[in-house]
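Hi there,

Here is the structure I promised to send over. Have a look at it first, and then read on for my notes.

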Amino acid sequence: MNYHILTLFPDMVLEGLNTSIIGRAVQKGIIGIHGINIRDYSKNKHRQVDDYPYGGGAGMVMQPGPVCDAYQDLCRKLGKRPRVLYMTPQGKVFSQKIARELAQEEDLVFLCGHYEGIDERALSLIVTDYLSIGDYVLTGGELPAMVMIDCISRLVPGVLSNEESAQIESFYDNLLEYPQYTRPETYEGLKVPEVLLSGHHKNIETWRRQESIKRTLERRPDLLEHASLSKKDREFLRELTEISQERACVQENIVIE
Ligand code: ADE
């Protein structure tokens, strides 16, 4: 997988992704992260890439020329026209499902805007996907690009040392991950659940599955609708919801038939 980031701040993205698991994957040559400075494509002697908005209003707008020229130059070098993901709060909200789909590509271009955004004509000419990382506004697209690159990369084969860990974690199968414990056995009077010390693999597996379901019900009940639950899982979920209903009734002093 090769990422090409069109930005005014390539160092920000390159330095941010140069550590830990993603940094190691770059070192190993499993992924490539290439920063392209849009300013290098300015035809202005001051290397300016933005200008006042037509029609007036606050802020500056990034001009279409440098953005499109940077992309066309990349396409010439690659001999193909990869997908261009524009980082914008107006886009579709990024998710694990979108990450899985994007991880299948060989090359991805991340277009990061700044100021009041990018001239609409550049967007209409090159952008294939409008993506957001959530309903809040940041000062630029670099952090969203880094978030997405991190998330997509861990789905690229060979990036995680233990390939299974990508499968077991939160959002795989729309369930949150079960709680994890390590040494010491007791910390501040809090004990590691007995079952995890038992060495009984079947019981541990059952406990973890049930903790995942419990946690998802408590923290992200919206996910359960899309989770693939076995008959046993559904029985456990029913028990959990009955218990919480009973608790609510006790609190409200309601008698259940
Ligand atoms: N640019 C500014 N805010 C953003 C957001 N929430 N998601 C993606 N790109 C952005």
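Where does Pro 184 lie? Pro 184 sits in the loop that runs between helix 7 (164-168) and strand 8 (186-187). Please keep in mind throughout that this is a predicted model.

I started there because of the backbone. Most peptide bonds are trans, and most residues other than glycine have a negative phi. The bond that leads from Arg 183 into Pro 184 is cis, and its omega is near 10°. The loop between helix 7 and strand 8 also holds Asn 174, a residue that has a positive phi of about 60° although it is not a glycine. Asn 174 counts as partly exposed because its relative accessible area is 23%, which falls between the 20% limit for buried and the 50% limit for exposed.

You will find Arg 47 in the loop between strand 2 (32-37) and strand 3 (50-51). With a relative accessibility of 39%, Arg 47 is partly exposed.

Now the overall picture. The protein is built with eleven helices and nine strands. Its radius of gyration is 24 Å, whereas a compact globule of 257 residues would have one near 18 Å. The C-alpha trace spans about 75 × 45 × 35 Å along the principal axes. Of the 257 residues, 40% count as buried.

Next, the ligand. Which residues are found around the ligand? They are Met 87, Thr 88, Pro 89, Leu 131, Ser 132, Ile 133, Gly 134, Tyr 136, Val 137, Leu 138, Gly 140 and Pro 144. Sorted by class, this shell has eight nonpolar residues, four polar ones and no charged ones.

- Thr 88 has a polar backbone atom 3.1 Å from a ligand nitrogen.
- Gly 134 places a backbone N or O atom 3.2 Å from a nitrogen of the ligand.
- Leu 138 has a backbone N or O atom at 3.0 Å from a nitrogen atom of the ligand.

Taken alone, the ligand exposes 260 Å², and the protein buries 95% of that. The elements that contribute two or more residues to the shell are strand 5 (83-93) and strand 7 (129-132). Strand 5 gives the largest share, with three residues.

Strand 7 is also where Asp 129 lies. Is Asp 129 buried or exposed? At 17% relative accessibility, Asp 129 counts as buried, since the limit for that class is under 20%. Its side chain makes a polar contact with the side chain of Arg 83 at 3.0 Å, and another with the side chain of Thr 128 at 2.7 Å.

Pro 144, one of the residues around the ligand, is among the buried residues of helix 6. Helix 6 (residues 142-153) has twelve residues, and the distance from its first C-alpha to its last is 16 Å, close to the 16 Å expected at 1.5 Å a residue. Nine of those twelve residues are buried, so helix 6 is largely enclosed by the rest of the structure. Besides Pro 144, the buried residues include Ala 145, Met 146, Met 148, Ile 149 and Ile 152.

Ser 124 lies in helix 5 (residues 120-126) and counts as exposed, at 55% relative accessibility. A polar atom of the Ser 124 side chain lies 3.0 Å from the backbone oxygen of Arg 121. In helix 11 (residues 231-252) you will find Thr 241, which is partly exposed at 28% relative accessibility. The side chain of Thr 241 reaches the backbone oxygen of Arg 238 at 2.9 Å.

The C-alpha atoms of Ser 124 and Pro 66 are 58 residues apart along the chain and separated by 15 Å. Those of Thr 241 and Tyr 52 are 189 residues apart along the chain and separated by 57 Å.

Methods. Residues numbered from 1 in each chain as written. Predicted model: local features only at pLDDT ≥ 70, side-chain atom pairs only at ≥ 80, totals over all residues. Heavy atoms only, no water. Near = heavy atom within 4 Å. Polar contact = N/O pair within 3.5 Å; in protein donor to acceptor, adjacent residues only side chain to side chain. Areas by Shrake-Rupley, 256 points an atom, 1.4 Å probe, with all protein chains shown as cover. Helix = DSSP H or I, 4+ residues; strand = E, 2+ residues; numbered from the N terminus. Nonpolar A, V, L, I, M, F, W, Y, C, P; charged D, E, K, R; others polar. Buried < 20%, exposed > 50% of the residue type's maximum accessible area, 1.4 Å probe, protein only. Expected span 1.5 Å × (residues − 1). Rg over C-alpha atoms; globule rule 2.2 N^0.38 Å.
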